[in-house]
Amino acid sequence: MFSITEFSDNVKLIRDPIYGFIEIPEEILPVIDHKLVQRLRWISQLPLEQLVYPSAQHSRFEHSIGTMYLAMQTAIALLRDEISRERIKCAFERDNDIKSSLDDHEVNKLFVFISGICGLLHDLGHAPFSHTLEDAVFYTYKNIYYNHEETTFIIAKEVLKNFRCLNGLIAKITLTVLNKKLKDISPLKRIIRSMIDDVIDVDKGDYLLRDSYHCGVIYGLYDKDRLWRNVRVTSDWRVGVTEKGAIEAWNLRLARYKMYKNVYKHHVRNITDALLIDILSRYFDGIGEEEIREVFPVPLEHNPDLDENDILKFLFWTENDILRKLSDYRGDAVPVSLESFMKRSLPKRFLTISLEKFGIPDKDKDIVLSIKKIFKELQENYNLGIFFLIYKDHIPPIFSNDVQRDLRIVLDRENELSVAEYLNFSIQDDDLDKYSVPELKLEIFAEQNTSEDLKTTIVQKLKKIL
């Protein structure tokens, strides 16, 4: 990989199982050392996958460090590509936030550092139990809203408020990139946002390799050097690849699909998801508004500037904090279910239903709560544990718009092709429309030896409400 010493007189080396050594510019160390970034050490990268793959004990902190490093490596690769370098220079000239004239070295350093810090901070807002806690708000009758990307922006403002490197330009541009509510952003910010979150991006680039390593599987492997050395800025200010990177760009999408099928949506992971969501939603249903504010320390509806009390609460908002709150709660049999969860005494797969057959293509709270009511009645009538999970399945990437249309191979200044066209597996639009929408699934789990007759009852009840 490329050396960061070209852009910083002093670098710190950190050992890493994926990259060997990670070089960190001295200028970025104050951001890494901020207590709200250090909090990520206590947030699991795969909090429920470890119940399937016991060695998956790594944190979001190491993923964030890895994403930072890969973002800087990708930024350097773009600067070394002639077409990309011209487009980046043009993007700088068109950016209204950059008032003063910068020489080429300052432009390059700014681009590399902003990319790195965006990568470092991209996961700041993740909740304990990550997507599971975020998803649980759909399953509660309480009006709760949580979005980790919006929280990331709020926390990043606090982290960067005193960061003055390169006259404060890094902080200003980074916050614009991380503010996903802003859609109409400058070409420069579009390039960097694409690097962090797009069809191929350094977030996926790191977590696929890192999660594979810690789970002890090979599903997420791809040639990182081949891919990230051969990136190129597209004509619409996103990150694509050169011809040399085409196959590895496809491999990244395929690796992501394999990881979702075999790790992130492993059937036992889905069971733990359903059980924990059931526990959390019953807990939310049973507590008051003040207690909910303690569970979700950042009130997103007000887009706040955080005070010291908010910061302190968020700092200690970890999986252990949530488990302690659940264990102290005495309502609606939550402690009993929590004990089963902690002992990994899990229900079994019972029934999977395609909700699209009922004319429901997307999940919304009303649908979830209607289904929840059915299963609550069944639990009471049959005196057994029944749990459910609604999620979008992952389609094979060959059928996805990402691969067929959005992931671009930049041949030269004038010509671009989708990766599907370039690798000769493009699908006609009419055919693609049949397969490119992921299926919405209802997966149901029940105690061992639950009567098979219950499946017919469930389908009949669903037909009445859907």
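Biologist: What makes the contact between the side chains of Lys343 and Glu339 a salt bridge?

Modeller: The term requires a side-chain nitrogen of Lys or Arg within 4 Å of a carboxyl oxygen of Asp or Glu. For Lys343 and Glu339 the N to O value is 3.9 Å, so the pair meets the definition. This is a predicted model, in which local features need pLDDT of at least 70, side-chain atom pairs count only at pLDDT 80 or more, and totals for chains, interfaces and linings use all residues. Residues are numbered from 1 along each chain as its sequence is written, and side-chain values use heavy atoms, with hydrogens and water left out.

Biologist: Why are Lys343 and Glu339 separated by about one helical turn?

Modeller: Because they are four residues apart in helix 17 (residues 334–343). Helices are DSSP runs of H or I with at least four residues, numbered from the N terminus.

Biologist: Why is Lys343 called exposed?

Modeller: Its relative accessible area is 57%. Exposed means over 50%, buried under 20%, and partly exposed in between (1.4 Å probe, protein chains only). Glu339, at 45%, therefore counts as partly exposed.

Biologist: How do you know that Lys172 and Asp97 meet in a salt bridge?

Modeller: Their N to O value is 3.4 Å, within the cut-off. Lys172 lies in helix 8 (residues 169–178) and Asp97 in the loop between helix 4 (82–93) and helix 5 (104–121), so the pair ties together parts 75 residues apart in sequence.

Biologist: How many salt bridges does a search of the whole structure find?

Modeller: The search finds 38.

Notes. Helix = DSSP H or I, 4+ residues; strand = E, 2+ residues; numbered from the N terminus.
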